[in-house]
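Welcome! Please have the sequence and the 3D view open as you read.

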Amino acid sequence: MALKLYGAAMSPCTSRVMTCLHEKEADFELIPIDLFAGEHKQLPFLAKNPFGQIPALEDGDLSLFESRAISAYVAEKYKEAGHDLIRYQSLKEAAEVKVWMEVESQQYHPAISPIIFQFFAAPLQGKVPDQAIIDENLEKLGNVLTVYEEKLSRTKYLAGDFYSLADLFHLSFTYYFMKTPCANLINERPHVKAWWEDISSRPAFQKVASAMTFGEKGN
């Protein structure tokens, strides 16, 4: 039975899960949630995620929310299929993956997400992007990327010389970031730039990126 993913293809968090599903060659159905109609704040979606945020996943009688948790579940459920995203056969490598998954969540995401909001979501709300918020978070993101540059000078990917969830988790927000005037923050760091070009060219993400049209169509 196919997994059911409730979300929106242009949503960075939904696309994070979709990329993981494609990497694991898992059978799934995307059930669109209309954000602009407020469907995510209404029943029955609130029964799937009481916080009213996409995505949510149903696997039989199991219902999950939070994109990183969903992706980790998918990577574990299908650990022997597709690409090994969690390095389940090596305790040491698996631990490194978990460390850099936390770095993305605790260091990278808090810096990049306000920038994406200002460039893409604020205009849809009739607001002018707040340059002060953008500048403040660009400084934070730059500091994080300086750490990444040093790490990626030693290993091909964040957790080691293997692609994992730690890298995958960065894809969707960085994809939108690279469409902003601030893309030089990544392009001026050669190891980070090479890493980005590598992970963003993976077929699993390319399948998802084609529908990530937030910036172009405003939806």
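This is a predicted model: local features need pLDDT of at least 70, side-chain atom pairs count only at pLDDT 80 or more; totals for chains, interfaces and linings use all residues.

**The annotated stretch**

- Residues 1-82 are 33% helix and 22% strand.

**Helix 1 beside helix 3**

- The axes of helix 1 and helix 3 cross at roughly 5° and come within 9 Å.
- An angle under 35 degrees counts as roughly parallel, and helix 1 and helix 3 are therefore described as roughly parallel to each other.
- On the helix 1 side, the contact is made by Cys13, Arg16, Val17, Cys20 and Leu21.
- Helix 3 contributes Ser67, Arg68, Ile70, Ser71, Val74 and Ala75 to this contact.
- Sorted by class, the residues of the contact between helix 1 and helix 3 are 7 nonpolar, 2 polar and 2 charged.

**Thr19, a buried residue in helix 1**

- Thr19 is part of helix 1, which spans residues 12-23.
- Buried means under 20% relative accessible area, so Thr19, at 1% relative accessibility, counts as buried.
- Leaving aside residues up to four places away in sequence, Thr19 touches Leu168, Leu171, Ala204, Phe205 and Val208.

**Helix 5 against helix 9**

- Helix 5 covers residues 131-152 and helix 9 covers residues 190-200.
- Their axes are 7 Å apart, and the two helices pack at an angle of about 80°.
- Angles of 65 to 115 degrees count as roughly perpendicular, and that is therefore how helix 5 and helix 9 sit relative to each other.
- Leu145, Tyr148, Glu149 and Leu152 of helix 5 meet Pro190, His191, Val192 and Trp195 of helix 9.
- This contact of helix 5 with helix 9 has 6 nonpolar residues, 1 polar and 1 charged.

**The buried side of helix 9**

- In helix 9, the buried residues are Val192, Trp195, Trp196, Ile199 and Ser200.
- These residues lie on the same side of helix 9, because they cover an arc of only 115° around the axis.
- What covers them includes helix 5, helix 6 (165-168), helix 7 (171-177), helix 8 (184-187) and helix 10 (203-209).

**Two cis peptide bonds**

- Leu43 and Pro44 are joined by a cis peptide bond, with omega about 10°.
- Pro44 is located in the loop between strand 2 (28-32) and helix 2 (45-48).
- Another cis peptide bond runs from Ile54 to Pro55, with omega near 5°.
- Pro55 belongs to the loop between helix 2 and strand 3 (56-59).

- Glu25 is a residue other than glycine with a positive phi, near 55°.
- The loop between helix 1 and strand 2 holds Glu25.
- Exposed means over 50% relative accessible area, so Glu25, at 65% relative accessibility, counts as exposed.
- Arg87 is not a glycine either, and has a positive phi of about 50°.
- Look for Arg87 in the loop between helix 3 (67-77) and helix 4 (91-124).
- With 22% relative accessibility, Arg87 counts as partly exposed.

Note on methods
Residues are numbered from 1 along each chain as its sequence is written. Side-chain values use heavy atoms; hydrogens and water are left out. Axes are lines fitted to C-alpha atoms, for helices over the stretch in contact, and angles run from 0 to 180 degrees between N-to-C directions. Helices (H or I, at least four residues) and strands (E, at least two) are DSSP runs, numbered from the N terminus. Angles under 35 degrees count as roughly parallel, over 145 as roughly antiparallel, 65 to 115 as roughly perpendicular and the rest as oblique. Contact means heavy atoms within 4.5 Å. Ala, Val, Leu, Ile, Met, Phe, Trp, Tyr, Cys and Pro count as nonpolar, Asp, Glu, Lys and Arg as charged, and the others, Gly among them, as polar. Buried means under 20% relative accessible area, exposed over 50%, partly exposed in between (1.4 Å probe, protein chains only). The arc is that of the directions from the helix axis to the C-beta atoms.
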